[in-house]
Amino acid sequence: MSSFGPHLLAGVCVGGVGTIATCCLATNFNWMCGLPFVAGVAGALTPDMDIKSKSSMFMYLLFTVSAISLFLTGYTGWAFLLLLYSLIPQFFGHRGFIHSFVFGLISTVGLGFVCHYNNVDMDIAAGIMATYFFGFLSHIALDEA
């Protein structure tokens, strides 16, 4: 079982590689090419949202700031969905469903829908989704080590 530091470091590494790959492969290079970095870190920290930890505090801070930003820019539906998503881990015990491969797939697909409905270019969305999923898998792998 790993602590916050290794999970964060793994997320930064996965996010960095995902960002570089996305920037190299993107047909429409713009600021969104940096989003895989955020996705990699988020993926690596998401499984620990079901406990009170540094990871969960960081993720809830990120969710709160994002939800407020979405609300203030008129995306109230997305803000509501983000806050709803942040409540899901509170219904499961630690190392339960939130730590499963299935939850990683479900949350990756959900992230894909968010990218699609926000008109993110397909190549950038693929980079975001892949980086999130590999960040999520890095968390599971570190916990098994």
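1. Helix H1 runs from residue 4 to residue 25 in this predicted model. At 1.5 Å a residue, its 22 residues should span 32 Å.

2. Which residues of H1 are buried? They are His7, Ala10, Gly11, Gly15, Gly18, Thr19 and Thr22. Around the helix axis these residues cover an arc of only 165°, so they sit on the same side of H1. An α-helix has 3.6 residues a turn, so residues three or four places apart point the same way. The face of H1 turned away from the buried side carries Leu9, Val17, Ile20 and Cys24, which are exposed.

3. Asp143 belongs to helix H6, residues 122-144. Is Asp143 buried or exposed? Its relative accessible area is 9%, and the cut-off for buried is under 20%, so Asp143 counts as buried.

4. Helix H4 covers residues 76-87, which makes 12 residues. From its first C-alpha to its last it reaches 17 Å, close to the 16 Å expected at 1.5 Å a residue. Ala79, Leu82 and Ser86 are buried in H4. Seen down the axis, the buried residues of H4 fall within an arc of 65°, so they line one face of the helix.

5. A nonpolar patch lies on the surface, formed by Phe80, Leu81, Leu84, Leu87 and Phe91. Together these residues have about 560 Å² of accessible area. Where is Phe91 placed? Phe91 is in the loop between H4 and helix H5, the latter being residues 101-117. With a relative accessible area of 68%, Phe91 passes the cut-off of over 50% and is therefore exposed.

6. Ile68 is found in helix H3, which spans residues 54-72. Its relative accessible area is 48%, between the limits of 20% and 50%, so Ile68 is classed as partly exposed. How far apart are Ile68 and Gly5 in sequence and in space? They are separated by 63 residues in sequence, and their C-alpha atoms are 27 Å apart.

Note on methods
Residues numbered from 1 in each chain as written. Predicted model: local features only at pLDDT ≥ 70, side-chain atom pairs only at ≥ 80, totals over all residues. Heavy atoms only, no water. Helix = DSSP H or I, 4+ residues; strand = E, 2+ residues; numbered from the N terminus. Expected span 1.5 Å × (residues − 1). Buried < 20%, exposed > 50% of the residue type's maximum accessible area, 1.4 Å probe, protein only. Arc of directions from axis to C-beta. Patch = residues over 30% accessible without salt bridge, like charges linked within 9 Å, V, L, I, M, F, W, Y side chains within 5 Å. Areas by Shrake-Rupley, 256 points an atom, 1.4 Å probe, with all protein chains shown as cover. Salt bridge = Lys/Arg side-chain N within 4 Å of Asp/Glu carboxyl O.
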